[in-house]
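User: I'm new to this one and would like a quick tour. Could you take me through it with a few questions and answers?

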Amino acid sequence: MSALKLGCIADDFTGATDLANNLVRSGMRVVQTIGVPTAPLASDVDAVVVALKSRTIPAAEAIAQSLDALKWLQAQGAQQIYFKYCSTFDSTPEGNIGPVTEALMDALGCDFTIATPAFPDNGRTVFKGYLFAGNVLLNESGMQNHPLTPMTDANLVRVMQAQTKRKVGLIDYKTVAQGEAAVRERITALRTEGVGVAVVDATSNADLHLLGPALKGMPLVTAGSGVAIGLPANFGLQPSVQASQLPVASGLQAVVSGSCSVATNAQVAHFKASGRPAMAIAPASLMHGQSDTVVQQVLAWAAPLLNDGPVLVYSTAEPDAVKAVQAQLGVAEAGALVEHALAAVARGLVGLGVRQLVVAGGETSGACVQALGIAQLQIGPQIDPGVPWCHAPTDSGGLHITLKSGNFGTEDFFSKAFGALG
Ligand code: ADP
């Protein structure tokens with residue numbers, strides 16, 4: 001097996017998939033692992049993305065988990081390390097982006113790295129060090145009110161400096177526009193000034209492609225998922241159909257949806273309107289220890305239908321209904337009850353022979369992946385931006401699964417997804 005080219009550490013689950021998707025589209029064969037694996041890498045791939053859940057945990061724990069991931073990636077021969085965070089630079093004043101970056105730099109013995117969450121395809125651009133979300137500065141985008149990581153300053157040099165002991169600098173758009181030699185020259189100058197971390201401007205994919213070659217040989221890159229599009233070429237890789245090839249799909253098809261986002265509500269309505277069978281789970285019906293009974297009823301309903309095509313099981317509801325349930329059960333309790341039930345449904349459906357599974361909802365995906373005992377996902381073709389098909393090896397011969405976070409995907413996503421598997 002050839003040595004791993006890129007070893008990635010992502011600070012959350014759906015962010016890991018987003019990064020993996022960009023790498024695959026740029027020509028890398030990628031596996032995503034759920035947490036740090038305990039065994040050596042079994043498949044021959046170009047990149048591994050280790051998905052952690054370290055964005056908002058205490059900095060010391062985030063560092064410990066990230067260093068564990070680094071150790072494992074180094075043991076697999078990773079030639080370059082990529083620390084992936086959110087394209088809105090989600091972090092608290094204490095971190096965790098800065099502390100984890102510095103811990104990785106120390107462990108790798110490197111004195112310089114970059115930091116840029118730019119992801120132009122998703123409207124995240126960095127200009128003169130300021131992060132824009134769409135047409136507005138980060139701190140006017142709604143992110144200033146985020147419950148866990150309020151972002152009240154769009155100046156990333158300042159934000160990063162507040163969480164970093166090393167000096168933070170800037171590689172601006174004018175330098176990036178001049179390409180590799182200019183960026184390398186700027187890096188040399190910044191190093192001389194004692195800068196250890198440089199925020200990099202990027203307002204388009206063209207900028208990210210210009211930046212890519214200058215990152216060749218840098219032991220650590222820290223970024224959102226955007227920078228990834230410029231890296232595979234450094235390893236001699238070009239976009240190819242082979243990179244996203246998964247085993248041939250077979251078996252029955254189903255959709256499990258626990259997302260209540262606007263896009264998912266439209267997708268559920270579209271699937272129902274197409275005449276396909278759909279069963280709703282009402283959160284209140286799961287109370288008083290009734291969850292197992294409801295799950296059994298759902299599976300009994302689905303069993304005879306599955307041979308005729310995909311079925312949908314959903315708790316997806318409009319905001320008013322969700323609020324009413326949350327008032328009755330409490331937000332956390334309602335979420336946990338539904339996640340638990342949908343995860344049991346997903347496991348039951350696989351027990352009935354489902355081998356192509358669409359899951360809607362970030363938290364819902366986490367619960368389903370855990371219930372299915374999935375430790376590793378090979379990343380396949382993109383269905384919609386940010387949402388690829390994946391393949392998980394299982395005892396029953398493997399499962400094709402796609403994990404759609406809330407607002408991703410077109411209205412016909414649930415039907416379209418199965419078509420995309422061929
Ligand atoms: P998204 O990606 O759209 O945010 P998530 O799965 O991450 O979706 O989050 C949705 C949350 O809402 C989950 O905790 C889920 O269990 C919960 N939930 C799903 N359906 C309902 C409902 N009808 N009422 C209340 N909570 C619900």
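Analyst: Happy to. Contact here means heavy atoms within 4.5 Å. Helices (H or I, at least four residues) and strands (E, at least two) are DSSP runs, numbered from the N terminus. This is a predicted model, where local features need pLDDT of at least 70 and side-chain atom pairs count only at pLDDT 80 or more, while totals for chains, interfaces and linings use all residues. Residues are numbered from 1 along each chain as its sequence is written, and side-chain values use heavy atoms, with hydrogens and water left out.

User: What do the buried residues of α12 pack against?

Analyst: Buried means under 20% relative accessible area, exposed over 50%, and partly exposed in between (1.4 Å probe, protein chains only). In helix α12 (residues 362-371), the buried residues are Thr364, Ser365, Ala367, Cys368 and Val369. They pack against α1, β2 (30-34), β12 (252-257), α11 (331-351), β15 (354-360) and β18 (399-404).

User: Which kind of aromatic pair do phenylalanine 271 and phenylalanine 414 form?

Analyst: Rings of Phe, Tyr and Trp (its six-membered ring) pair if their centres lie within 6.5 Å; planes under 30 degrees apart count as stacked, over 60 as edge-to-face and the rest as tilted. The structure holds 6 aromatic pairs. For phenylalanine 271 and phenylalanine 414, the distance is 6.4 Å centre to centre and the planes are 70 degrees apart, making the pair edge-to-face.

User: How many residues apart are the two partners of that pair?

Analyst: The pair links distant parts of the chain. Phenylalanine 271 lies in helix α8 (residues 262-273) and phenylalanine 414 in helix α13 (residues 413-420), and they are 143 residues apart.

User: Which residue is the bridge partner of glutamine 378 in β17?

Analyst: Two strands pair if DSSP finds at least two bridges between them. β16 and β17 pair in the antiparallel sense over 4 bridges, and they form a hairpin with 2 residues between them. In β17, the bridge partner of glutamine 378 is histidine 391.
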